[in-house]
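Thanks for making time for this. Before I say anything, please take a moment with the sequence and the model on the screen.

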Amino acid sequence: MRIEELVEMIPGVCAGQPVVKGTRLPVRSIYEMLDQGWSPEEIVRFHYPFLSPEVVKGLIEHRDAIESLIRKWERGWRKRVEAFKLATRNAGSAE
């Protein structure tokens, strides 16, 4: 599967972080389960029956590229949070 068939980033869905295409499931959740020793079949069977083992295997196949997207999203998110904190502090001191 191509990465475009597996992952999407939509601003209004899970704060725009990479999710499994057509769902609200952050890809990082799948990677955390894989890192804990879950197999693709177990992830589907016991946690996310709306996925297929092939989708999870595709996420594994493209993990490096997808984790790069996740890191890029995290950097952007941190910047937005810091800008919000700064704006909030500045608004409070202007009163």
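Where does alanine 15 lie? Alanine 15 lies in the loop between strand 1 and strand 2, where strands (E, at least two residues) and helices (H or I, at least four) are DSSP runs numbered from the N terminus.

A word on the basis: this is a predicted model, in which local features need pLDDT of at least 70 and side-chain atom pairs count only at pLDDT 80 or more, while totals for chains, interfaces and linings use all residues. Residues are numbered from 1 along each chain as its sequence is written, and side-chain values use heavy atoms, with hydrogens and water left out.

Alanine 15 has a positive phi near 60 degrees, although it is not a glycine, and cysteine 14, in that loop too, has a positive phi of about 50 degrees. At 34% relative accessibility, alanine 15 counts as partly exposed, that is, between buried (under 20% relative accessible area) and exposed (over 50%), with a 1.4 Å probe and protein chains only.

Turning to helix 3, residues 40–47, its buried residues are Pro40, Ile43 and Val44. They cover an arc of only 95 degrees, taken from the directions from the helix axis to the C-beta atoms, which puts them on the same side of helix 3. On the other side, Arg45 and Phe46 are exposed. What covers the buried residues includes helix 2 (27–35) and helix 4 (53–61).

Finally, leucine 59, leaving aside neighbours within four places in sequence, is in contact (heavy atoms within 4.5 Å) with residues including Val20, Ile30 and Ile66.
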